[in-house]
Amino acid sequence: MALNRKITLNTGKEVDIVGLGTWLSKPDEVRKAVKYALENGYRHLDCAYVYRNEDEVGQGIRESGVPREDIFITSKLWNTHHRKEYVKSAVKASLKALGVDYLDLYLVHWPVSFINPGTPEETPTVPTVDYLIPKKDGKLQVESVDPLETWKAMEELVEEGYVKAIGLSNYNIEKISNVLKHCKIQPSMLQVELHPALLQTELVEFCHANKIAVTAYSPLGNNVYGEDRVVDDPIIVSIAKKLQKSPAQVCISFAAQRGIVVIPKSVTPSRISENFQDFVLNQEDFDAIASLGSRNIRYNDPGEKEWFVEIF
Ligand code: NDP
């Protein structure tokens with residue numbers, strides 16, 4: 001498989017099938033990681049307002065010297081900005097932090113809304129944890145916002161040139177169908193957790209049938225909670241050994257071979273390079289990897305782990 005393989009979005013624009021994730025990349029680390037990745041062939045960056053490091057990502061982009069128009073940049077609308085009057089201020093904050101004047105893709109990060117503790121005009125470029133996870137008497141301040149209100153405001157961002165494409169993250173088939181039924185502009189992308197131990201087959205088939213591309217997050221099985229990682233699974237490790245590849249390369253190639261965009265995060269130069277080298281798996285190895293799917297492991301389940309409350 002050639003490097004830099006691309007898929008075409010329903011807007012007609014292409015995106016590299018392998019991009020760089022930036023969640024939990026610390027200040028300074030992420031600047032260097034982005035610079036290194038861009039200098040070594042990456043042209044696709046996955047960012048989010050809630051990662052609180054978009055300013056550093058922007059610095060890395062500028063230091064790399066790679067022209068803005070050669071890079072595909074995704075960011076995400078956080079849960080505090082779902083009301084229509086907050087959506088534009090959120091994208092403006094991300095654009096300012098990144099130092100760019102448009103995004104290639106903007107996703108609704110989660111289908112759950114939090115009460116914004118400020119006004120749209122007060123949206124900070126790099127937010128504090130208290131701003132992102134508003135609590136009162138220790139209780140998370142959730143609110144109900146019609147997802148179609150948010151989607152309409154997302155569509156306006158495309159019409160006004162802030163973003164080239166819009167999409168969803170962590171939405172299930174029912175929630176995506178609701179958007180599809182009422183939208184003027186179709187979602188171009190769904191980003192969800194996906195790896196050999198969580199195949200998301202039905203969701204992927206549904207999206208592809210509706211011309212929505214899919215991005216796999218946590219494709220290596222992050223080690224945020226210290227669980228056994230999918231890259232350490234004996235089946236993955238033995239296939240990697242046999243093929244003289246790394247376990248991460250096996251997981252990344254597995255997603256890419258399913259036509260799924262994949263955004264491994266690393267701040268380690270050797271791993272950033274390693275993760276950019278995908279290859280073709282034969283059917284026998286592909287099937288053996290897919291057999292892990294019966295485990296249905298979720299490394300990021302806010303319901304069970306309240307990760308968005310614990311991590312920042
Ligand atoms: P990943 O599956 O990408 O795993 C990241 C971890 O794996 C890091 O600890 C990294 O360490 C390590 N790692 C990277 N490369 C290798 C390698 N070759 N061999 C062994 N270990 C490796 O997890 P993420 O959860 O970070 O997911 C990737 C990206 O997806 C995020 O960064 C973010 O951009 C996005 N995401 C989106 C979410 C959403 O809700 N839409 C939720 C979660 C993630 P190190 O950096 O030290 O090298």
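Visitor: Where is serine 113 found?

Guide: Serine 113 is found in strand E7. Keep in mind that this is a predicted model.

Visitor: Why is serine 113 called buried?

Guide: Its relative accessibility is 6%. Buried means under 20%. Serine 113 falls under that cut-off, so it counts as buried.

Visitor: What makes the link between serine 113 and histidine 82 a polar contact?

Guide: Their side chains are joined at 2.8 Å. The limit for such a pair of N or O atoms is 3.5 Å. The value lies within the limit, so the pair counts as a polar contact.

Visitor: Which residues is serine 113 in contact with, leaving aside neighbours within four places in sequence?

Guide: Among them are Asn79, His82 and Gln141. Val142, Glu143 and Val145 are also in contact with serine 113.

Visitor: Where is histidine 109 found?

Guide: Histidine 109 sits in the loop between strand E6 (105–108) and strand E7 (113–114). UniProt, in an unreviewed entry, places a "binding site" feature at His109. That annotation may be inferred rather than shown by experiment.

Visitor: What does UniProt place at Tyr51?

Guide: The unreviewed entry places the feature "active site" there. Tyrosine 51 lies in the loop between strand E4 (44–46) and helix H2 (54–64).

Visitor: Why is tyrosine 51 called buried?

Guide: Tyrosine 51 has 14% relative accessibility. The cut-off is under 20%, so tyrosine 51 counts as buried. Beyond four places in sequence, tyrosine 51 touches Thr22, Trp23, Asp46, Lys76 and His109.

Visitor: Why is glutamate 14 called partly exposed?

Guide: Glutamate 14 has 45% relative accessibility. Buried is under 20% and exposed is over 50%. The value lies in between, so glutamate 14 counts as partly exposed. Its place is in strand E2 (residues 14–16).

Visitor: How many residues apart in sequence are glutamate 14 and phenylalanine 72?

Guide: They are 58 residues apart in sequence. In space, their C-alpha atoms are 8.7 Å apart. Glutamate 14 touches Phe72, along with Lys6, Ile7 and Thr8, not counting residues up to four places away in sequence.

Visitor: What makes strand E13 and E14 a pair?

Guide: Two strands pair if there are at least two bridges between them. Strand E13 (residues 213–217) is joined to E14 by 2 bridges, so the two strands pair. They run parallel. Threonine 215 has valine 261 in E14 as its bridge partner.

Visitor: What makes E3 and E14 edge strands?

Guide: The open sheet has 8 strands in the order E3-E4-E5-E6-E11-E12-E13-E14, with parallel pairing. Strand E3 (20–21) and strand E14 (261–262) each pair on one side only.

Visitor: Which residues touch the most other members of the largest nonpolar core?

Guide: Leu45, Tyr106, Met154, Ile176 and Leu190 do, in a core of 83 residues. Helix H9 (residues 247–257) gives the most to this core, with 7 residues. A second, separate core has 14 residues, including Tyr131 and Tyr217.

Visitor: What does isoleucine 176 touch, not counting residues up to four places away in sequence?

Guide: Isoleucine 176 touches Leu168, Tyr171, Leu190, Leu203, Phe206, Cys207 and Ile212.

Notes:
Residues numbered from 1 in each chain as written. Predicted model: local features only at pLDDT ≥ 70, side-chain atom pairs only at ≥ 80, totals over all residues. Heavy atoms only, no water. Core = buried A, V, L, I, M, F, W, Y, C linked by side-chain atoms within 4.5 Å. Buried < 20%, exposed > 50% of the residue type's maximum accessible area, 1.4 Å probe, protein only. Helix = DSSP H or I, 4+ residues; strand = E, 2+ residues; numbered from the N terminus. Contact = heavy atoms within 4.5 Å. Polar contact = N/O pair within 3.5 Å; in protein donor to acceptor, adjacent residues only side chain to side chain.
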